[in-house]
Amino acid sequence: MERRDFLRIAGLSAASGYLAGQQTQSILGPSAAPDVAKTDFTLRIAPVTVELSLSRIISTIGYNGTSPGPLLRMKENVPVTVNVMNDTDVPEFVHFHGLLIPSDVDGAEEEGTPPVPPHGSRRYQFTPTPAGTRWYHTHTMSMDDLHRGSYTGMFGFLIVEGGGNPGNYDQEHYLALRDWEPYFSNQAMDNDDLDNPGPQPEKPAVMDTRPPGPEVIADIYSINGKMLGSGEPIRVKQGERVMFHFLNASAIEIRHLALPSHKFNVIASDGNPVPTPAAVDVLMIGPGERVDAWVEMNHPGVWILGDLADDDRRHGMGIVVEYAGAKGTPQWVAAPAFKWNYTRFSKPGAAATPPDEAIVMTFAKDNAAHEGFNLWTVNGVAFPMSENVVPASFHLKEGKRYRVRMRNASDDIHPIHLHRHSFEVTGLAGKATAGILKDVLMLGGYQEAEIDFVADNPGRTLFHCHQQLHMDFGFMTLFDYL
Ligand SMILES: [Cu+2]
């Protein structure tokens, strides 16, 4: 049986339609009782309902009866066990995103992690590191089935507590951004040009005129499973400092968030402290990315923390921030003009350590080339969709520092994700930069970027676009160690 067929047998178990475990909109800190760091966790994969609003209660697959799943709070370097029970009819994988752990527990089939069998269980044991805002999510393929993989409710925060907690704030909120009930469209509008920070050296002289295949879109959104206005507001007092941990758990959507009359003080990107914390009006958060930012509550009122796009807020992408004593309809004010640029938070100059070797990767789109869907390639090769074991394309030597020069020959912006290693962003839009450690980088249409990583975690390592449709249709490659 072909690998992808095996993963797709039987579809979803449609049993159990009861209203299970809606959760309050904000999985609240400050890090008090319910989520102190533990060493033993249980995740049960099963159908769940999510009450996005009173009139919109959806059915999906989730962890422990909720979506988002429970916040897993671990201590850095203290071994943990995560017992995963799979109540569905298909094999599952739980990927621990942003953790530097071995391939057999990373939760990616392509790296050799064994599946959690249908109606079976599997134990993941690992030592969490590094400290910071991580997350966990399913890592199965969806292909053309939008009820599978990261289109479902299988995601949650995973916090690794370490030594250097800044801690200087009054409240802490974990906000997971999502869209629901996705569908295919040939009129996918994207907002890629909003953030275009520079030259597009990969733009071809002659454009491909073949019509592209469909993209996945959605038009119902939530933060922590509640549409704007449906959940409890975040209640604040003037003068408070509120820490927000944002996670874009979407398989498709880029987010641009603002809180009118307030600034986000960005302290970490993908959970890793940035070398130059800075205050910004707008956050851009791509699929898979996290941003930790605190806000000084110094402008009383009832506000919408939401997406810049009016239509997206109208369809749920936001949460109300309410000052004590303030009343009235939540206010939105258009954000000042902005351009998101990672270098705002970087160290000046080039990376301190030069790479030992360079790897060049060109990402390209072959319009509608696979059964009507776009086929994605890395250096001309689409990741095979029907093989059980795919050989690695890039071979690493342990201890060496690699620079990956990524060339995006497509018009789309892509969230590029490296498993099991953190990378340093060393080049953006043709300029050297340093100091930002990430595991997902947004690579703009026809643009280039460079990332460095040290080969210090032997084993098969996946590198892919975090948009489910792109990765499923070829936008994925493997490293292994010699
Ligand atoms: Cu992509």
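Two strands count as paired if DSSP finds at least two bridges between them. With that in hand, here are the close-up views of this predicted model.

**View 1. Strands S2 and S3 form an antiparallel pair.** Strand S2 covers residues 40–53 and strand S3 covers residues 56–63, and eight bridges hold to the pairing definition here. The link from S2 to S3 is a hairpin of two residues.

**View 2. The copper ion has three protein donors: His414, Cys465 and His470.** The donor atoms are ND1 of His414, SG of Cys465 and ND1 of His470, and they lie 2.0 to 2.1 Å from the copper ion. Along the chain, these donors follow the spacing H-x50-C-x4-H. His414 sits in strand S27 (residues 414–418) and Cys465 in strand S32 (residues 461–465), so this pair ties together parts that are 51 residues apart in sequence. Are His414 and Cys465 buried or exposed? Both are buried.

**View 3. Five strands make up an open sheet with mixed pairing.** Reading across the sheet, the order is S25-S33-S32-S27-S30. Strand S25 (394–396) and strand S30 (440–443) are the edge strands, because each pairs on one side only. On average, neighbouring strands of this sheet are turned by 20° against each other, direction ignored. Strands of a sheet pair through backbone hydrogen bonds, either parallel or antiparallel. In the case of S27 and S30, the two run antiparallel and are joined by four bridges. Within this sheet, look for Ile416, which stands opposite Leu441 in S30.

**View 4. Asn265 is a buried residue in strand S17.** Strand S17 spans residues 264–269. Why does Asn265 count as buried? Its relative accessibility is 17%, and buried means under 20%. Which residues touch Asn265, once its neighbours within four places in sequence are left aside? The contacts are Ala278, Ala279, Asp292, Ala293, Trp294, Val295 and Glu296.

**View 5. Zooming back out, the protein chain holds four helices and 33 strands.** Of its 482 residues, 58% are buried. Among contacts in the protein chain with a separation of 6 or more, 80% are between residues 24 or more positions apart. The chain exposes about 18500 Å², and carbon and sulfur atoms supply 52% of that area.

Key
Residues are numbered from 1 along each chain as its sequence is written. This is a predicted model: local features need pLDDT of at least 70, side-chain atom pairs count only at pLDDT 80 or more; totals for chains, interfaces and linings use all residues. Side-chain values use heavy atoms; hydrogens and water are left out. Buried means under 20% relative accessible area, exposed over 50%, partly exposed in between (1.4 Å probe, protein chains only). Contact means heavy atoms within 4.5 Å. Accessible areas come from the Shrake-Rupley method with a 1.4 Å probe; for residues, only the protein chains shown count as cover. Donors are N, O and S atoms within 2.8 Å of the metal (3.2 Å for Na, K and Ca); water is not among the atoms, so sites may look incomplete. Axes are lines fitted to C-alpha atoms, for helices over the stretch in contact, and angles run from 0 to 180 degrees between N-to-C directions.
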